[in-house]
Amino acid sequence: MNKRKAILETAVELFGEQGYTQTSMQQIADSIGISKGSLYSFFQSKEDLIISIYEHYQQLVFERAYVVGLDGNLPDDVRLAKQFQVQFEGILEYKSYMKMHMRGDTAKNSDKLAAMEHRMRGRLFSWLEHNLLQIYGEKILPYKWDLIWMTQSIYSSYMMLLISTESGLQPSKLGEHIVRQISILAQDYFDGNSTPLLNDEIMQPFSVNMDRQGSFISFEKREAAWKKLYTGIHSLNEDSDDYLKMADRISEECRKSKPDELIIKGMFRLLADKEELRKAASELEDELLP
C-alpha cells in the first residue's frame with residue numbers, strides 16, 4: 001500500500017472513532033509511524049486531509065458503478081440497477097468511512113468543505129443525468145431535474161438506513177427497487193399526469209463541472225484505463241468472455257476495503273498473455289497499483 005493511501009485509511013479510522021475535531025495530525029502521524037512533517041508533505045492541513053478522504057472514498061464507490069457501466073451487454077435499466085447495487089455494496093464495505101461521515105463533525109464554516117460537498121453532489125447528479133439519457137433519450141430532458149432530485153433523495157435515504165441500522169436490506173434488491181421507482185416517476189411525466197417543477201435556472205447552483213474544478217482529476221486516468229481495457233476485451237474475436245471475467249475479478253477485488261494485491265497482479269498477468277490486451281492491462285495495473 002502506498003503511503004498516501006495508508007494515511008487516508010488511518011485517518012478515516014481515527015476520525016470515525018474519535019471524531020474529526022478530537023483527532024490531531026500528530027495522532028495520525030504516530031498511528032502510521034511517520035513524522036508529522038512527513039504527513040504535512042502529503043496534506044497541508046487537516047482540512048485538506050478530510051477533503052481528500054471524502055473525494056477518495058466517493059470515487060471508489062463511483063468507480064464501481066463506472067466499471068459496471070462499461071458492460072455493453074446489459075440492458076440499460078438492468079445496468080443502472082447493477083450500478084446502484086455495487087454502490088450500496090461499497091457503502092457497506094467502507095464502514096469506517098461511513099462511520100466518519102455519519103458523525104458529521106468536520107470543520108465548520110469552511111469554504112473548502114462547502115466546495116467539496118458541491119462537487120460531490122454534482123458528481124452524483126451528472127451520473128444520474130447520464131443514465132437517464134441512456135435509458136429514455138432526450139425526451140427525458142424536460143423532467144430530468146425533478147427525476148434527479150427525487151432519485152438522489154431516495155438513494156440518500158436508503159443509504160442512511162443501510163448504514164445506520166441492521167436492516168438486512170440487500171443491495172441488489174435496493175438497486176432494482178430504485179430503478180423501478182424511476183421508471184414509475186418517468187412514465188407519470190410522459191403520460192402528462194405530472195408537471196415538472198424544476199428547470200436549469202432553478203438548479204443552476206447544483207450544476208458543477210467536477211473535473212474542471214479540481215475534483216476527481218486524479219481518477220481520470222484510472223477511468224480512462226478501465227475503459228481502454230474493457231473496450232479492448234469487447235473487440236476480441238474470441239475468448240472475450242474469459243478475459244471479461246478476469247477484468248471483472250480485478251474490479252471485484254478492487255472494491256474491497258483491503259484488496260488482495262496478489263490476486264489483482266495474478267489477473268493482470270493472465271490478461272497480459274493476450275497481446276491485444278497487454279498495453280491496456282499494463283496501463284490499468286499502473287493506475288491501480290502505483
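Here are my notes on the salt bridges.

Ground rules: this is a predicted model, where local features need pLDDT of at least 70, side-chain atom pairs count only at pLDDT 80 or more, and totals for chains, interfaces and linings use all residues. Residues are numbered from 1 along each chain as its sequence is written, and side-chain values use heavy atoms, with hydrogens and water left out.

I looked for salt bridges (a side-chain nitrogen of Lys or Arg within 4 Å of a carboxyl oxygen of Asp or Glu). I got six.

Entry one: Asp76 and Arg79. I found their closest N and O atoms 2.4 Å apart. Both residues belong to helix H5 (residues 76–93), three residues apart, about one turn of the helix. For helices I used DSSP runs of H or I, at least four residues, numbered from the N terminus. I then checked burial: buried is under 20% relative accessible area, exposed over 50%, partly exposed in between (1.4 Å probe, protein chains only). Arg79 is buried at 6%, while Asp76 is partly exposed at 28%.

Entry two: Lys144 and Glu129. Their salt bridge has an N to O distance of 2.6 Å. This pair links distant parts of the chain, with Lys144 in helix H8 (residues 144–164) and Glu129 in helix H7 (residues 111–136), 15 residues apart. I noted Lys144 as buried at 11% and Glu129 as partly exposed at 23%.

Lys228 is in helix H11 (residues 220–234) and Glu283 in helix H14 (residues 275–288), so the pair ties together parts 55 residues apart in sequence. Lys228 is partly exposed at 37%, and Glu283 is partly exposed at 30%.

How values were computed. Helices (H or I, at least four residues) and strands (E, at least two) are DSSP runs, numbered from the N terminus.
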